[in-house]
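Hi there,

Here is the structure I promised to send over. Have a look first, and my notes follow below.

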Amino acid sequence: MDGGLKLAAVSDPDDAIGALRGTLPSSLPPLRWRLPLGPPPRPSISSSMASLSSPEALQPELWPPLPIPSPIDKDSPAEFPEETSAGDLYLNFKLARGSDPPIGASPSRRHPIAYNQMMKAFGHAGEVDQVLRLLREMKDSDLTPNVFCYNTAINSLVSADRRVEAEELFEEMKSSGVRPNVASYNILVKMYSCYSFQFDKACSVIDDMVINRLRPDSTTYSTLITGLCRVGRIDEALDFVAIMWEENCPPSVQTFTAIVHGFCLQGNLDDARRFMEFMDSKQCPPNVVTYNVFVEALCKVGRFDQVEKVLEESKLKGWKPNVVTYNTYMNGLCKWGKARDAFGLLKVMLENGLCPTVVTLNILLECLCQESNFLEVKYLLERSYELKWDIGVVGYNTVMSRLSDVGRWWDVLKLFVDMVKKGINPNTRTFNIFIHCLCKAGNLCLAKHLFYKGGFVADVVTYNTLIHWFYLERNEKEVQALRLKMVAEGVSPNIITYSILIKGLCRGRKFSEATNLFLGSFEMTDWEVVELLNLLEGMGRQGFTFDAFVFNGIIRALCRKGSCQSGDLLCLTIDKILTFR
DNA sequence: GTAGGGTTAG
């Protein structure tokens, strides 16, 4: 931790944490690419096409006789009057989904609270531009946005990963005379800790809080801990747990769940389980969210026997599986090709009084798509409107993505039109699929036009897609323009970006020079640096040679981000460089 | 009565 936050080393107030720490992994992610923990590969495209060309190949047994859920009554288990087909099942689904406000709507009551409620609803629906429109509308009239309104708007920008705008709006709030409160700062901490993994900046925010006489609270620390755990820096996360105790701000189940999640992300299920036992011993037992995290990790490695055991023991352990638990379980089964078992879980959910949500349906849709069971999918899509089955943008994206994978561009276009006709707003991912589709179909020109004129906010995937295809065309001018726009828009590159750029530069035989240039353009997170080193290591094994340009570039990038002061990452890099030679 | 932290789908 190299940020400005000045925290004296605290003696660990809890021996158990200290004892546990001794067995924990080091704070940096493992040096080598981790072995994929995921499921076996998807079915091949050729088998997909085969199933499409012969309807007999459809497997109706994928839709086992399923019960009709009775109207939702959360207090009593659903009844199963009779067996029915999949279509009838969906007819009876009541999706737990509130309606979103229509685009362009304004609150009828001209009051900050009314505005804030609508802004929050738009933010929840991912309509950040609508949130900003309402904020401007307030400012343009005689209503002054208060700290709640600003917090809502900044938070929605952060959730959409529009970090530059979030920072600007925070400054605008201050210059408008609205004093940020603890929640405002916590939103910024979340941005730096959980979205860009710039922990030094997150700590600077906490410094600012203190300077402004605001005391970091449990949310502040939990947010910081969440980010650290997401990049595998569990040891440092535990340091902050110790600080929380020291500061009389005891960690909560949220704090601990973030740590369990950290272990799970590393595939370290033993420590995850031990940490859950530790939670029990601290009278802060794991709750349903903690168990959901654990169930997900078990699913990823295909330990469904263990999942069953965890569910069986739930009553004994004092927690109740919820919809997320079952969705997670179903998703795991689908990913491991156990479609039948996943569909079978619908019945179990209903028996337990849980109603499937739009997420459940999207998981099952994805399941069908993975099996390229497009006839079944098509049937559901065509009838979804009359069935009142709210498939939503995620469902459409799922199907469009898979259709794009198998080269059915025309069907992607038809679905796009279909969703727009139904009033479903395409999102960034929809555009990404569309752009990817255009690129694969050889119409890079139209893809570019859509990117610059399409009126949507591009994310890192959009940039990656276009950079990849322009590189294949050896169009360095467009690549350069995209890189500059990416920086200007505050879109952070991810490991895929680095990978594409390095591959592209190698193809252009300008490896050393261009990599150096490239490394100088971006600010990298610790995780990205480590992954980049792994990438270089892999390339080294394949016979690529590196020179001082490359290593200078990495070290300069590290120093730019301030890592030279902390030393750990720098030492790691230098160690790595020595192994390359 | 309004804002911020842990989990699921594309």
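This is a predicted model: local features need pLDDT of at least 70, side-chain atom pairs count only at pLDDT 80 or more; totals for chains, interfaces and linings use all residues.

A word on naming before the details: helices (H or I, at least four residues) and strands (E, at least two) are DSSP runs, numbered from the N terminus. With that in hand, N248 is found in the loop between α11 (234-246) and α12 (253-265). Its phi is near 60°, a positive value in a residue other than glycine.

Residues are numbered from 1 along each chain as its sequence is written, chains are lettered from A and ligands numbered from 1 in the order in which they are written, and side-chain values use heavy atoms, with hydrogens and water left out.

For accessibility, buried means under 20% relative accessible area, exposed over 50%, and partly exposed in between (1.4 Å probe, protein chains only). N248 is exposed, at a relative accessible area of 67%. F197 also has a positive phi, of about 55°, although it is not a glycine. This residue is found in the loop between α8 (182-195) and α9 (199-211), and F197 is partly exposed, with a relative accessible area of 22%.

Now to the charged pairs. A salt bridge here is a side-chain nitrogen of Lys or Arg within 4 Å of a carboxyl oxygen of Asp or Glu.

- R162 and D129: the closest N and O atoms are 2.9 Å apart. This pair links distant parts of the chain, 33 residues apart, with R162 in the loop between α6 (147-159) and α7 (163-175) and D129 in helix α5 (residues 128-140). R162 is buried, with a relative accessible area of 11%, whereas D129 is partly exposed at 41%.
- E172 and K139: their side chains meet at 2.8 Å, N to O. This pair also links distant parts of the chain, from helix α7 for E172 to helix α5 for K139, 33 residues apart. E172 is partly exposed at 30% relative accessible area, and K139 is partly exposed at 37%.
- E236 and R233: the N to O distance is 2.7 Å. E236 counts as buried at 10% relative accessibility, and R233 is buried at 5%.

One more thing about the R162 pair: D129, R162 and E165 are linked in a network of salt bridges.

Best wishes
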